[in-house]
Amino acid sequence: MIFHEIYGAYYEAVGRIIRAALSGGLDRDLLLRIVRETAFQESVLSIPEALESGRWPFLGPGYTPRLRHAPVRPLTLIEKRWLKALLQDKRVTLFNVDGAGLEDVEPLFYPDDFVYFDRNAGGDPFGDPAYIAVFRSALEAVAGRKRVLLRLASGGEGLSVFPTTLEYSAGDDRFRLRFRTDSGEERAVGVSDIAQCRPLEGPVPECPGVHYPTGEMVLMIRDERNTLERVLLHFSHFKKKTERVSEGLYRMTMEYEKEDRDEMILRVLSFGPTVRVLSPPEIREGLIGKIKQQLRIR
Amino acid sequence: MAYSELIKDFSGIRNYMRDFYVFGFRHREEFGAKSARSYDNERRRLESWFGEDIRFQQTLSGKQVFLSVSGRTAARNPLYRAFRARSFTDGDIVFHFLLLDLLYGDRALTLREIVAGMDAFDPSGQRKLFPDESTVRKKLKEYQSLGVVAAEKRGSRLVWRLARDSVSLPRWADCVAFFSEAAPLGVVGSYLSGFLPPRGADAEIPFRFKDHYLLNALDSEILFRLLLAVRERRRAVIGMWTMTGNRVVKHDICPARFFVSTSNGRQYVLATQRSDSRPLFFRLDLIRSVTPGPPEPAFDQLREQCDAYREHLWGVSGTPQSTVDRLEMRLRITEEDGEVLDRLLREKRGGAVSREGPDAWVFSIEVYDASEMLPWIRTFTGHITSLSCSNPHIVSRYRDDLNKTLELYEGNADDFS
């Protein structure tokens, strides 16, 4: 079973605490810090008491260890089978991993067990050595917070940029490299559109995290044809809040990424007359424009 | 029973989590909980597990609790945290760490030696932790089925040792970080984080995911049990909530494949029922329980039957023995609208696209249920020169909806009717 205490946050926290005690550096402050970092908000009410009272007899006086060895748990069968399943995935070529240690287990699943029925055609060429080389170079730069020189397959001058993240789209089965230019502009390019990605020496921005300029969209939803559940599920991956306005009528306020404005128009349009955009005007007017254009064709 | 932030059974809190994450507008009284105490306990657990991601809003009707997370900026699915909250007894955790200590390295001990080692550790000296060998034997069997320990015959002795593990996990760090969010049962990948070099903040994880549907994490146990049934070529009995959520109905199925939507995250199992061999889809989020059944001798044939059904599917709707809907959509796409054509070609699934003139394109398809295509057809609004379908309801519905949508915006701003 997937849901088992052996994978639990409490076991992980206690394991870290025992290791800290064996290293000789455990005190109450460190114990509490480990619990807060590893387990849940209320875990500080239970884990320290269980260890300090001796109910879980792993610590002696002065937070000294009673066990002799750092706890090392082997991977479980489920964990090994999951790793083995990854080796069947076409995207695993992007990573430098192999099946060493997994020879005797069967994959938990195979790629053709799953059908992503609305995935778009034309995903990235995960088996292409040139693509793999660019991906690995980009990954190293993102993970190591380094600048790169990007040359695009379409030609042109190379661009010195600071890459921030590799963003994957399950709908397109493609990666984009998001980066920041020296002028502070946030941009993205498909990894399959990059001919070369070479590390460069150079300054790194002070706040190198990922930034998505966002806007707020407000929708009014009439719960007919099971629209409410469909809309809320469709937009569930956005930060949002929903209020009931009256019987069968709901207002949803959500945060969307401004670069996806055109996509938002299409997504709302797909729900037909049971969803209405209240704001922002550019999405509302964009949607109205499409309908009027359609009526002119007719 | 005293409150604990840990839980024994995941199925109860699954619905609360789904509601807080997807809906988030219901008040305490609307949850139909056995008591207000049940709601309060579940809410308190979710607050402890999810911290700042749980938000509150006070309205005239009462307090709303909702889970607000951006799937795009989160490098790790926060819903996985719930899977790390399984309850256990004092005996369970003491057994776990004492066993790892006793069997450290390549040590191999008999059952009696393990019991003696644990008793020696008992500070009370009263053998409170494990009163007898049978309890330790049961736990060892459990850990053997998990793959943590292995039993070996050495001469006449049966000894236990830790399972041998030669996977070099640090090399897998980036791979696990990606696939924990992009592969099925990614929650298992999240369990591996304890073995990998710590990556504290999300900022240290190099991946992000566009349109990242987090919710299907809640169905991981269900998916896992159905996958095991497929691997073992077995039937399974699933307990399904009805759409109203107040009853559970059992179905005896042979699972074949899993269908996943990348546009709303919903997961389905395509299976045949014992009572009726036609393939059917079952939503994983409506499955409450999975009980393994007997091996199915006709597993391959039933799976092939399900695969044959896929030929005229647009998504997950349609009856395999009915006639198909033939749909044709003509579009005007100029050179300036290049991305519209690109999208049509990427999104056409089993349909065909051909050119009829300089700006004239036609898309055609045969499907079991063309009504399932209406949301996608609407996204080409502004370019559709004609729409025809052997099911006339589809065209009239598209036209009616188009007019009603325009009325929404040309009428009173506050009047939805």
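The questions and answers below concern a predicted model of chain A and chain B.

Me: How many residues does the contact take from chain A and from chain B?
Reply: The area buried between chain A and chain B is about 13,200 Å². Carbon and sulfur atoms give 61% of that area. The contact takes 133 residues from chain A and 152 residues from chain B.

Me: Which residue of chain B meets the side chain of Asp113(A) in a salt bridge?
Reply: Between chain A and chain B the count is 16 salt bridges, while over all chains the count comes to 66. Asp113(A) also belongs to a network of salt bridges that links Arg81(A), Glu106(A), Asp113(A), Arg231(B) and Arg303(B). In the salt bridge of Asp113(A), N and O are 2.6 Å apart, and the partner is Arg231(B).

Me: Is Glu167(A) buried or exposed?
Reply: Glu167(A) forms a salt bridge with Arg176(A), with the closest N and O atoms 3.3 Å apart. Arg176(A) has 28% relative accessibility and counts as partly exposed. The limit for a buried residue is under 20%. Glu167(A) has a relative accessible area of 2%, so the residue is buried.

Me: How many residues apart in sequence are the parts that Asp219(B) and Arg18(B) tie together?
Reply: Asp219(B) and Arg18(B) form a salt bridge, their closest N and O atoms being 3.3 Å apart. Asp219(B) is buried at 4% relative accessibility, and Arg18(B) is buried at 11%. Asp219(B) lies in the loop between strand E6 and helix H8 of chain B and Arg18(B) in helix H1 of chain B, so the parts they tie together are apart in sequence by 201 residues.

Me: Which helix of chain B holds Asp307(B)?
Reply: Asp307(B) forms a salt bridge with Arg257(B), the closest N and O atoms being 2.7 Å apart. Arg257(B) is buried with a relative accessible area of 9%, whereas Asp307(B) is partly exposed at 25%. Arg257(B) lies in strand E8 of chain B, so the pair ties that strand to a part 50 residues apart in sequence, namely helix H9.

Me: Why is helix H6 of chain B largely enclosed by the rest of the structure?
Reply: The buried residues of H6(B) include Cys175(B), Phe178(B), Phe179(B) and Glu181(B). What covers the buried residues includes helix H4, strand E3 and strand E4 of chain A, together with helix H7 and E6 of chain B. Helix H6 of chain B is largely enclosed because its buried residues number nine of the ten.

Methods: Residues numbered from 1 in each chain as written. Chains lettered and ligands numbered in written order. Predicted model: local features only at pLDDT ≥ 70, side-chain atom pairs only at ≥ 80, totals over all residues. Heavy atoms only, no water. Contact = heavy atoms within 4.5 Å. Buried area = accessible area lost by both parts, 1.4 Å probe. Salt bridge = Lys/Arg side-chain N within 4 Å of Asp/Glu carboxyl O. Buried < 20%, exposed > 50% of the residue type's maximum accessible area, 1.4 Å probe, protein only. Helix = DSSP H or I, 4+ residues; strand = E, 2+ residues; numbered from the N terminus.
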